Amino acid sequence: MRDYKKLDIWKKAHSFTKLVYQEILPIMPPEEKFALTNQLRRSVYSVPMNIVEGCGKNTDKDFTHYLDNALGSALEVEYTCLLIFDLGYISQDKYDLVNQPINEIKAMLISFIKFLRDGK
């Protein structure tokens, strides 16, 4: 079992989740509360949660499965942020604030998954 708090990818995903909660969710329009806002909330915390859940698994194969899920959630976050930007719900500055870290998280997940699949 791995200690997720020691993983750089978890630290970055956790910080990113807090960023989205502090900077993006509060400015979403009320009519999106049960649609895009809720979808973004669920997908953003799914990234670190899948990493945490994977850390509880005994094999690299099982861990990788949860990292794959985290990557899928990261892609969902990326698209949701693009959509809310294109709909005019967030400014270019806010979009840039979240776009760079989500791309870094995706790259870190892809590298980690490749590392585990290649047998370290």
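Colleague: Which residues does Ile84 touch, not counting residues up to four places away in sequence?

Modeller: This is a predicted model. Ile84 lies in helix H3. Not counting residues up to four places away in sequence, the residues that Ile84 touches are Ile24, Met28, Leu36, Leu40, Tyr89 and Ile90.

Colleague: Is Ile84 buried or exposed?

Modeller: Buried means under 20% relative accessible area. The relative accessible area of Ile84 is 0%, so Ile84 counts as buried.

Colleague: What separation do the C-alpha atoms of Ile84 and Tyr95 have?

Modeller: Ile84 belongs to helix H3. Ile84 and Tyr95 are eleven residues apart along the chain, and the separation of their C-alpha atoms is 8.7 Å.

Colleague: How are H3 and H4 oriented to each other, and why?

Modeller: The axes of H3 and H4 are 9 Å apart, and the helices pack at an angle of about 160°. Angles over 145 degrees count as roughly antiparallel. H3 and H4 are therefore roughly antiparallel.

Colleague: How many nonpolar, polar and charged residues does the contact of H3 with H4 have?

Modeller: The crossing of these two helices, H3 and H4, is left-handed. By class, their contact has five charged, three polar and 18 nonpolar residues.

Colleague: Is Lys106 buried or exposed, and what is in contact with Lys106?

Modeller: Lys106 is placed in helix H4. Its relative accessible area is 13%, under the 20% cut-off, so Lys106 is buried. Leaving aside neighbours within four places in sequence, the contacts of Lys106 are Leu71, Ala74, Leu75 and Glu78.

Colleague: Which residues have the most contacts inside the largest nonpolar core?

Modeller: That core has 33 residues. Helices H1 (8-23), H2 (36-55), H3 (60-86) and H4 (92-117) each supply at least two residues of this core. The residues with the most contacts inside the core are Phe16, Ile51 and Leu109.

Colleague: Which residues is Ile51 in contact with, leaving aside its neighbours within four places in sequence?

Modeller: Ile51 is one of the residues with the most contacts inside the largest nonpolar core. With those neighbours left aside, the contacts of Ile51 are Leu7, Ile9, Trp10, Ala13, Phe63, Leu67, Ala70 and Leu109.

Colleague: How many nonpolar, polar and charged residues does the contact of H1 with H4 have?

Modeller: H1 and H4 pack at an angle of about 160°, with axes 10 Å apart, and their crossing is left-handed. Among the residues that meet are Phe16 and Ile9 in H1, and Leu109 and Phe112 in H4. By class, the contact of H1 with H4 has 13 nonpolar, no polar and five charged residues.

Key:
Residues numbered from 1 in each chain as written. Predicted model: local features only at pLDDT ≥ 70, side-chain atom pairs only at ≥ 80, totals over all residues. Heavy atoms only, no water. Core = buried A, V, L, I, M, F, W, Y, C linked by side-chain atoms within 4.5 Å. Buried < 20%, exposed > 50% of the residue type's maximum accessible area, 1.4 Å probe, protein only. Helix = DSSP H or I, 4+ residues; strand = E, 2+ residues; numbered from the N terminus. Contact = heavy atoms within 4.5 Å. Axes fitted to C-alpha atoms, helices over the stretch in contact; angles between N-to-C directions. Left-handed = near helix turned anticlockwise from the far one by under 90°. Nonpolar A, V, L, I, M, F, W, Y, C, P; charged D, E, K, R; others polar. Parallel < 35°, antiparallel > 145°, perpendicular 65-115°, else oblique.
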